[in-house]
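Q: I have a new structure open on my screen and would like to learn how to read it. Could you walk me through a few features?

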Amino acid sequence: MPGEKLTSREKRRYGKQIMIPEIGIAGQEKLKNASVLVVGAGGLGCPVLLYLTAAGVGKIGIVEFDVVDETNLQRQILYGSRDLGKLKSIIAKDRLEEINPLITLKVINLKLDNTNSTDIFRDYDVIVDATDNLKARYAINDACILMKKPMVHGAIYKFEGQVTVFNYKGGPDYRKYNPELQGDASKNPQPSDVGLMGVLPGITGMYMANEVIKLITETGTILNGNLLIFNTLHNSFKILKIN
């Protein structure tokens with residue numbers, strides 16, 4: 001079944017993107033007809049959701065079960081002081097609908113794991129790992145492999161951000177990059193323990209959104225099998241090959 005064409009309002013709203021030859025009308029229509037699931041609406045998920053919403057991705061799912069805490073507000077830019085104690089998924093949907101009423105947003109207010117991931121992923125083309133939990137990342141990875149869906153991954157630590165795309169056109173998956181360990185060795189360093197610059201998840205999340213847009217529009221060089229690492233303290237960027 002052919003995808004939906006752009007309306008005159010959509011052509012006006014997304015005009016600056018459409019002007020870019022690499023996107024054009026065809027690319028914008030691909031965005032309109034695409035569906036993206038963002039797992040996590042925290043520091044990474046907020047900028048991913050903001051920019052995919054603004055770019056005109058037609059259907060966006062938000063998987064998030066947590067509530068807004070005051071310690072989140074330094075970096076989770078979809079929320080404010082009036083939202084404390086409220087569900088992030090609901091607040092995020094409300095904010096995003098204000099930004100772009102022309103797309104469809106779906107709230108999935110639960111904790112993703114191996115028992116529900118395939119059911120949740122079924123209706124989406126691209127899966128975004130915006131979590132800070134290793135168990136969730138393995139669950140996302142395994143479902144993406146099973147369902148043959150690309151996984152856009154981001155991670156942050158102090159001043160360092162990392163972005164890559166797993167399970168795309170024969171490229172590596174998350175388990176090959178980071179084999180699962182047991183016990184304390186499997187624990188992630190958390191911002192509450194080591195600290196975090198608030199702008200870092202914003203920059204990282206924008207790179208993640210950029211990879212999603214390139215995947216959908218089939219434009220540019222995808223970080224497939226390559227890990228982008230950047231350090232905001234020293235302004236350093238490098239790309240490492242994932243074997």
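Q: How many disulfides does the count come to?

A: A disulfide is a covalent bond between the sulfur atoms of two cysteines. The rule asks for a pair of cysteine sulfur atoms within 2.5 Å, and the count here comes to 0 disulfides. Before we go on: this is a predicted model, where local features need pLDDT of at least 70, side-chain atom pairs count only at pLDDT 80 or more, and totals for chains, interfaces and linings use all residues. Residues are numbered from 1 along each chain as its sequence is written, and side-chain values use heavy atoms, with hydrogens and water left out.

Q: Is cysteine 46 buried or exposed?

A: Buried means under 20% relative accessible area, exposed over 50%, and partly exposed in between (1.4 Å probe, protein chains only). Cysteine 46 has 0% relative accessibility, so it counts as buried. Cysteine 144, at 1%, is buried too.

Q: How many salt bridges does the structure hold?

A: Side chains of opposite charge can pair when their charged atoms come close. The cut-off is a side-chain nitrogen of Lys or Arg within 4 Å of a carboxyl oxygen of Asp or Glu, and the structure holds 13 salt bridges. One of them joins lysine 32 to glutamate 4, with the closest N and O atoms 3.9 Å apart. This pair links distant parts of the chain, 28 residues apart: lysine 32 sits in helix 3 (residues 24–32) and glutamate 4 in the segment before helix 1. Helices here are DSSP runs (H or I, at least four residues), as are strands (E, at least two), numbered from the N terminus. Lysine 32 is buried at 16%, whereas glutamate 4 is exposed at 53%.

Q: Why are lysine 93 and glutamate 97 separated by about one helical turn?

A: Because they are 4 residues apart in helix 5 (residues 88–99).

Q: Which way do the residues of strand 4 point?

A: In strand 4 (residues 126–129), Val126 and Val128 point one way, Ile127 and Asp129 the other, and all are buried.

Q: How many bridges join strand 4 to strand 5?

A: Two strands pair if DSSP finds at least two bridges between them. Strand 4 and strand 5 (residues 151–157) run parallel and are joined by 3 bridges; the partner of aspartate 129 in strand 5 is histidine 153. Strand 1 (residues 35–39) also runs parallel to strand 4, with 4 bridges, and valine 36 stands opposite valine 126.
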